[in-house]
Amino acid sequence: MKKTIAVMATTLLFACAEPVPFEESFRAALETAQLGDVIEIPAGTFSFDRSLIMNTDGVTIRGQGMDASVLSFKGQLAGAEGLSVSASDFTIEDLAIEDAIGDALKVNEGSNIIIRRIRTEWTNGPDVNNGAYGIYPVQTTNVLIEDNVAIAASDVGIYVGQSEQIIVRGNRAEYNVAGIEVENSVGADVYNNVAVANTGGILVFNMPGIPKRGYGTRVFDNDVSNNNTANFAAPGTAVSGVPAGSGIMVNSNDNVEIFNNRMSGNDTANIVISSYFSANYAGQREVAAEFDPYPELIYIYDNQMSGSGSQPGMDYLVTLRDAIFGPEGAFPDIIWDGVIDPNKPEGREVICVANGDAKLLSIDASNEFANPTVDMTPYQCQIEKLTPIELSIG
């Protein structure tokens with residue numbers, strides 16, 4: 001039976017009892033929730049010193065707005081997340097999670113997940129000691145992430161990993177290392193988002209050591225600008241190698257469409273495409289045989305791009321820019337490491353570009369940058385377009 005649980009700022013359990021603080025009554029509501037429950041959070045800022053956990057299917061958690069109902073973990077002493085959920089048919093909306101010691105909101109191994117109008121923020125601004133992820137669904141299916149705000153995560157503001165059938169739309173990510181990332185996931189539409197002032201705006205990655213191989217992501221109709229915040233990720237993490245100034249970045253992922261985006265002011269390049277071997281986080285050049293380290297079938301078309309490449313975010317890129325274009329020059333809108341699978345099937349396209357006068361620079365990383373080129377002839381091709389993602393939720 002569906003019921004609404006309105007958790008008040010203080011709750012009187014018995015007529016003669018002392019009022020129970022919100023923090024205790026909310027934790028109890030999460031731990032005793034039943035299928036179909038709606039847990040309502042009042043306006044106010046509520047402090048927690050340990051993680052919150054909810055493991056019941058079919059529950060909705062609803063606040064009064066992302067600037068009205070605030071769950072603060074500034075004094076957190078225990079737990080790896082702010083709110084951790086392992087459940088299906090789960091909706092969370094209209095609240096904020098601030099200053100978690102680890103990830104702000106983690107949803108693990110569920111299906112039919114809606115994360116809507118949530119703000120995750122570390123209020124001290126960019127800092128390596130901030131939690132890694134703002135919004136973090138992993139190993140999920142049928143996921144809608146919309147109209148959220150993510151600020152100052154030391155890894156990724158809005159992340160979807162090892163998941164399938166995903167829509168990420170209408171969100172704003174700012175001052176994170178990576179604004180939005182789809183990693184090792186199948187079938188994602190990322191659109192109508194704003195990624196500004198991150199280190200990297202929108203990332204589509206595959207990482208080794210993970211059984212799920214990601215492919216089939218469309219990144220379109222986004223505003224991706226001025227993602228030039230210095231990288232503040234913990235050394236050794238995947239995103240610690242993302243150059244400041246990366247707009248949209250694809251690494252080791254296949255079947256990616258990038259179209260109708262508005263990109264400007266990203267000081268390394270508006271689009272960066274790389275293999276695992278040239279990524280600065282790699283640390284080793286050997287990977288398991290089942291991992292495909294090469295990006296292929298990347299289709300770039302009809303984007304508006306301007307004002308990038310003037311201040312590359314890593315020393316070797318500055319050296320390369322100076323050597324090719326001079327100290328006052330700039331990289332073109334698109335950079336590719338130029339590393340190709342030596343066993344690439346005949347006729348399988350690596351990158352196709354149909355984007356007006358936009359140029360792609362292949363930096364020839366596999367040959368120690370010996371022959372960088374902006375010859376566009378190899379990229380004058382077309383790739384079959386992906387099918388839009390349709391969800392049964394939302």
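Let me start with a definition: a residue is buried if its relative accessible area is under 20%, exposed if over 50%, and partly exposed in between, using a 1.4 Å probe and protein chains only. Take Ser252. Ser252 has a relative accessible area of 1%, so it counts as buried. Ser252 sits in the loop between strand E25 (246–251) and strand E26 (254–259). Strands here are DSSP runs of E with at least two residues, helices are runs of H or I with at least four, and both are numbered from the N terminus. Ser252 is not a glycine, yet its phi is positive, about 55°.

Now, what are we looking at? This is a predicted model: local features need pLDDT of at least 70, side-chain atom pairs count only at pLDDT 80 or more, and totals for chains, interfaces and linings use all residues. Residues are numbered from 1 along each chain as its sequence is written, and side-chain values use heavy atoms, with hydrogens and water left out.

On to the whole protein. How many helices and strands does the protein have? Two helices and 33 strands. The C-alpha atoms fill a box of roughly 80 × 40 × 35 Å along the principal axes. The radius of gyration, taken over C-alpha atoms, is compared with a rule for globules: 2.2 Å times the number of residues to the power 0.38. For 394 residues, a compact globule would come out near 21 Å; the protein has 22 Å, which agrees.

Next, the surface. The protein exposes about 15800 Å², and carbon and sulfur atoms supply 48% of that. These areas come from the Shrake-Rupley method with a 1.4 Å probe; for residues, only the protein chains shown count as cover. Buried residues make up 59% of the 394.

Charges next. The protein carries 22 positive and 51 negative side chains. Lys and Arg count as positive, Asp and Glu as negative; His and the chain ends are not counted. Each charge is placed at NZ of Lys, CZ of Arg, CG of Asp or CD of Glu. The centres of the two sets lie 5 Å apart.

Let's go inside. In soluble globular proteins, nonpolar side chains tend to be buried together. A nonpolar core here is a set of buried Ala, Val, Leu, Ile, Met, Phe, Trp, Tyr and Cys residues joined through side-chain atoms within 4.5 Å. The largest nonpolar core has 72 residues. Which members touch the most others? Phe26, Ile61, Leu71, Leu83, Ile92, Ile300 and Ile351. Apart from that core lies another, of 30 residues, including Val138 and Phe277.

Now contacts, meaning heavy atoms within 4.5 Å. Among contacts between residues at least 6 apart in sequence, 63% join residues at least 24 apart. Ile351 is in contact with Ile273, Ile298, Ile300, Trp336, Leu360, Pro378, Tyr379 and Cys381, leaving aside neighbours within four places in sequence.

Next stop, Val168. Val168 lies in strand E17 (residues 164–169). Is Val168 buried or exposed? Val168 is buried, with a relative accessible area of 1%. Not counting residues up to four places away in sequence, Val168 touches a set that includes Ile145, Ile158, Asp189 and Tyr191. Val219 is 51 residues from Val168 in sequence, and their C-alpha atoms are 9.5 Å apart.

Ala195 is in strand E21 (residues 194–196). Ala195 has 0% relative accessibility, so it is buried. Among its contacts, again leaving out residues up to four places away, are Ala173, Ile202 and Val224. Ala195 and Thr140 are 55 residues apart in sequence and 23 Å apart, C-alpha to C-alpha.

Now some loops. Asn184 lies between strand E19 (178–183) and strand E20 (186–191). Asn184 is buried, at 1% relative accessible area. Its phi is near 50°, a positive value in a residue other than glycine.

Tyr276 lies in the loop between strand E28 (269–274) and strand E29 (296–301). At 4% relative accessibility, Tyr276 counts as buried.

Last one: Asp49, in the loop between strand E5 (44–47) and strand E6 (50–54). Asp49 is partly exposed, with a relative accessible area of 41%. Beyond its neighbours within four places in sequence, Asp49 is in contact with Gly75, Gln76, Leu77 and Ala78. How far is Asp49 from Arg321, C-alpha to C-alpha? They are separated by 48 Å, and by 272 residues along the chain.
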